[in-house]
Amino acid sequence: MEPTNELFESEGFRAHLFLREEKPARWEYVAASKLTSALTEERLTWKTATVAHESAHVALPKQLTLEFDLEQLFESLATQWREETEHMSNLNKACKHFAYQQIIGMGKVAPRFIVPLILRELELRPDHWFWALHEITNEDPAQPDDDFDGAVDAWLTWGKSYLR
Amino acid sequence: MSDPYLESRFPKLQNGGYAIKSKRSPKYNCIAFAVGNEARWWQWMPRKTKGYYWPIDWDNSLQSWTEVFRIHGYTPCDNRDFESGVEKIAIYVDEDRVPTHVAKQDIPSGKWISKLGKGKDITHDTLDLLTGYDIDEYGKVEQVMMRPYLGEAEDELTEKGAK
């Protein structure tokens, strides 16, 4: 279908003519929000309208609330690290994961806040937090021959005096 | 029995043969599993953080991992196929040739057995099922090593190596 009047050859006017003359039944039922999608099925030149239409439905970026919660951030990072390194056999790589490194960075800035969170996580879900604790505190209370359980116990015992 | 989560992290398992052999455990890793000492997580740590075991004073390179298996009687080889009287391990590396994983060949099935990080032990039909770079896969197989199958004598050797 060609526009009937060049003076009105806008996207919207062409859409109006198209739907009125060629798709009368559809015109009645196509919701306004779906209009541009319906049009692009017929005219490639109207693709830009689709983009504009869809852009209105893109979720806004998630914003931190004013009650920004460091504990919530720690839990989010810890969960991400735990899930994304579950199958890493080389722990050096797992400890270089950005979430783990961010926790270490937070710990160096605010050890009195982050170390208790790591210790709580270690107690609830024993995992390889030894490197992070070592990096943050410059302490390593485990014994050279300690296995995983031994290191967990050593850090939790150390934590009791640290938290006093 | 299939494991949808595992298959989502290692997509090649969807079309390959594998079987889960244990629950997850953060207490030991693939090297410990391959060497037969599941009491420790075998890992070189930059600051010698305690809670881990590494039998040599080397870094985290492929040469270091290879040396650990060399002192347990393994020598490099090119053939990853099953051979009678021989047991094999295969070391995977990432794009930077950093070791990511070790699988061991099961005797007598000829399949491979792996401890997947902090996750489960599995058997897998081929080494290729754990290769790739997209999600949790271990990259590619870089080094295969072999030693005579020692049977029960292997345990004694392993214990000496871990002490």
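Predicted model: local features only at pLDDT ≥ 70, side-chain atom pairs only at ≥ 80, totals over all residues.

**Exercise 1. Surroundings of a covered helix**

Task: Determine which helices the buried residues of H9(A) pack against, and which residues of H9(A) are buried.

Solution. 
Step 1. The buried positions of H9(A) are Phe130(A), Trp131(A), Ala132(A), Leu133(A), His134(A) and Ile136(A).
Step 2. Six of the eight residues of helix H9 (residues 130-137) are thus buried, and the helix is mostly covered.
Step 3. After H9(A) comes Asn138(A), which has a positive phi near 60°.

**Exercise 2. Packing of H7(A) on H9(A)**

Task: State how H7(A) and H9(A) are oriented to each other, and identify the residues that form the contact.

Solution. 
Step 1. Two quantities are needed, since two packed helices are described by the angle between their axes and the distance between the axes.
Step 2. For H7(A) and H9(A) the angle is about 30° and the axes are 9 Å apart.
Step 3. Angles under 35 degrees count as roughly parallel, and H7(A) and H9(A) are therefore roughly parallel to each other.
Step 4. Their crossing is right-handed.
Step 5. H7(A) contributes Tyr100(A), Ile103(A), Ile104(A), Gly107(A) and Lys108(A), while H9(A) contributes Ala132(A), Glu135(A) and Ile136(A).
Step 6. Sorted by class, the contact of H7(A) with H9(A) comprises five nonpolar residues, one polar residue and two charged residues.

**Exercise 3. Packing of H5(A) on H8(A)**

Task: Classify the orientation of H5(A) and H8(A), and describe the composition of their contact.

Solution. 
Step 1. Helix H5 (residues 70-84) and helix H8 (residues 111-124) of chain A have axes 11 Å apart and pack at an angle of about 45°.
Step 2. H5(A) and H8(A) are therefore oblique to each other.
Step 3. The crossing of H5(A) and H8(A) is right-handed.
Step 4. On the H5(A) side the contact involves Leu70(A), Glu71(A), Phe74(A) and Ala78(A); these meet Phe113(A), Ile114(A), Leu117(A) and Glu121(A) in H8(A).
Step 5. Six nonpolar and two charged residues make up the contact of H5(A) with H8(A), with no polar residue.

**Exercise 4. Gly105(A) and the overall make-up of chain A**

Task: Decide whether Gly105(A) counts as buried, partly exposed or exposed, and summarise the secondary structure of chain A.

Solution. 
Step 1. Gly105(A) belongs to helix H7 (residues 98-109) of chain A.
Step 2. A buried residue needs 20 or more other C-beta atoms within 10 Å, and an exposed residue has 12 or fewer.
Step 3. Gly105(A) has 14 C-beta neighbours inside 10 Å and therefore counts as partly exposed.
Step 4. Between the C-alpha atoms of Gly105(A) and Glu121(A), which are 16 residues apart along the chain, the separation is 17 Å.
Step 5. Chain A as a whole contains 10 helices and zero strands.
Step 6. Of its 164 residues, 24% are buried.
Step 7. Among the contacts in chain A with a separation of 6 or more, 38% link residues 24 or more positions apart.

**Exercise 5. The sheet of chain B**

Task: Give the strand order of the sheet in chain B, identify its edges, and locate the helix that packs on the sheet.

Solution. 
Step 1. The sheet is open, has seven strands and pairs antiparallel, in the order S1-S6-S5-S4-S3-S7-S2 (chain B).
Step 2. Strand S1 (18-20) and strand S2 (75-77) of chain B each have a single partner strand and stand at the edges, so one side of each lacks a neighbour in the sheet.
Step 3. On average, neighbouring strands of this sheet are turned by 30° against each other, direction ignored.
Step 4. Helix H3 (residues 62-70) of chain B packs on the sheet and touches S2, S3, S4 and S7 of chain B, its direction making about 165° with that of S3(B).
Step 5. Strand S3 (residues 86-93) and strand S7 (residues 140-148) of chain B are paired antiparallel over eight bridges.
Step 6. Within S7(B), Gln143(B) lies opposite Ile91(B), and Met146(B) is the bridge partner of Lys88(B).
Step 7. S2(B) and S7(B) run antiparallel and are joined by three bridges; Pro76(B) stands opposite Met145(B) in S7(B).

How values were computed:
Residues numbered from 1 in each chain as written. Chains lettered and ligands numbered in written order. Axes fitted to C-alpha atoms, helices over the stretch in contact; angles between N-to-C directions. Helix = DSSP H or I, 4+ residues; strand = E, 2+ residues; numbered from the N terminus. Parallel < 35°, antiparallel > 145°, perpendicular 65-115°, else oblique. Left-handed = near helix turned anticlockwise from the far one by under 90°. Contact = placed C-beta atoms within 7 Å. Nonpolar A, V, L, I, M, F, W, Y, C, P; charged D, E, K, R; others polar. Pairing = 2+ DSSP bridges.
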